[in-house]
Amino acid sequence: MSGEIDTGALESWLRREMPGRGEGFAVERVAGGQSNPTFFLMLGAERLVLRKQPPGELLPSAHAIDREFRVMRALGGTGVPVPEVVLYCDDREVIGTPFYLMRRVEGRVFHEARLPGVEPEERRVMYASLARTLAALHNVDPDAVGLGDYGRQGGYFARQIARWTKQWNLSRQGDNADIEYLIDWLPGAIPEDNATAISHGDYRVGNVMFHPARPEVAAVLDWELSTLGHPLADLAHFCIAWHSGPDEYGGLRGLDLAAMGLPEQAAFEDAYGAEARHGLGLGPFHIAFALFRFAVVFEGIAARAKAGTAADPQAGQHAHLAKVFARAARAALDG
């Protein structure tokens, strides 16, 4: 056994599905990750990554690893950097939950938006790559890659507000006046445009891998929340970094950005806008929505930590962030 995985059953399944890979098998749990447990695998000479659902009762539509697999397979060859997916298994008899396999990408993952340990000039180039990568995703035609039915056209923000309001009511651990205010305010403030693109759903520094030596994005990871959505939802989600501090899930607020080689939010928006074809810009609604949604995500993490089903054993230490991000959303609306 390795964590909650029956490694014997997994190896037997892999040997049937991927024959001729040679001797040797190893499984290693990857530290971190708040949602879907992740493991490194060695099967002979193959270096793979396994992503699975967590055990226990799950919220509706959560932990959609089948969607992660589908979107990464569709984006292969588009120029959007994604890992190569290999196999998907929906047979719960193998390891207890559905899972998929992708080839391991070598690179650097940072859990703080300030990119610790990187020289200022390299940070500038890395943030430019982050902006270009997000724009490249939003420039992909969903129909051209078989994702025309991956979500609904238009009406994204209304559906998302309803979804995350429902998630809040399912996972709430206590009262939060800021969340209640946002639940009332957001539906009436939705902009009129109905732009639609492939949306990552959680695009931030912690969900990308940079090349081991070059200042460029090597792979975009964690596609669980991906769908057809509004491109500005992704951009606003990334911009949460400028509305949170270093001790609030690794944000940038309060740092000397110029000295560190980090852009201001407006400069990042401009770099993205120079590449994206939709021609739209962020407003207070988009930032408030992104922060509201992130607050609900962390309330869900707190609920899973309390129930003992969180993917990260340290998840409980993030429980307070629901209040932090809800408060930041109100602050964004207040200017």
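How far apart are the mean positions of the positive and negative charges of the protein chain? The mean positions of the 33 positive and 43 negative charges are 2 Å apart; Lys and Arg count as positive and Asp and Glu as negative, while His and the chain ends are not counted. Each charge is placed at NZ of Lys, CZ of Arg, CG of Asp or CD of Glu.

The model is predicted, so local features need pLDDT of at least 70 and side-chain atom pairs count only at pLDDT 80 or more, whereas totals for chains, interfaces and linings use all residues. Residues are numbered from 1 along each chain as its sequence is written, and side-chain values use heavy atoms, with hydrogens and water left out.

The protein chain contains 11 helices and 9 strands (DSSP runs of H or I, at least four residues, and of E, at least two, numbered from the N terminus). Of its 335 residues, 51% are buried, that is, under 20% relative accessible area with a 1.4 Å probe, protein chains only.

Leaving aside residues up to four places away in sequence, Leu75 touches Val80, Val82, Leu137, Val140, Ile198 and Trp223.

Conventions. Buried means under 20% relative accessible area, exposed over 50%, partly exposed in between (1.4 Å probe, protein chains only). Contact means heavy atoms within 4.5 Å.
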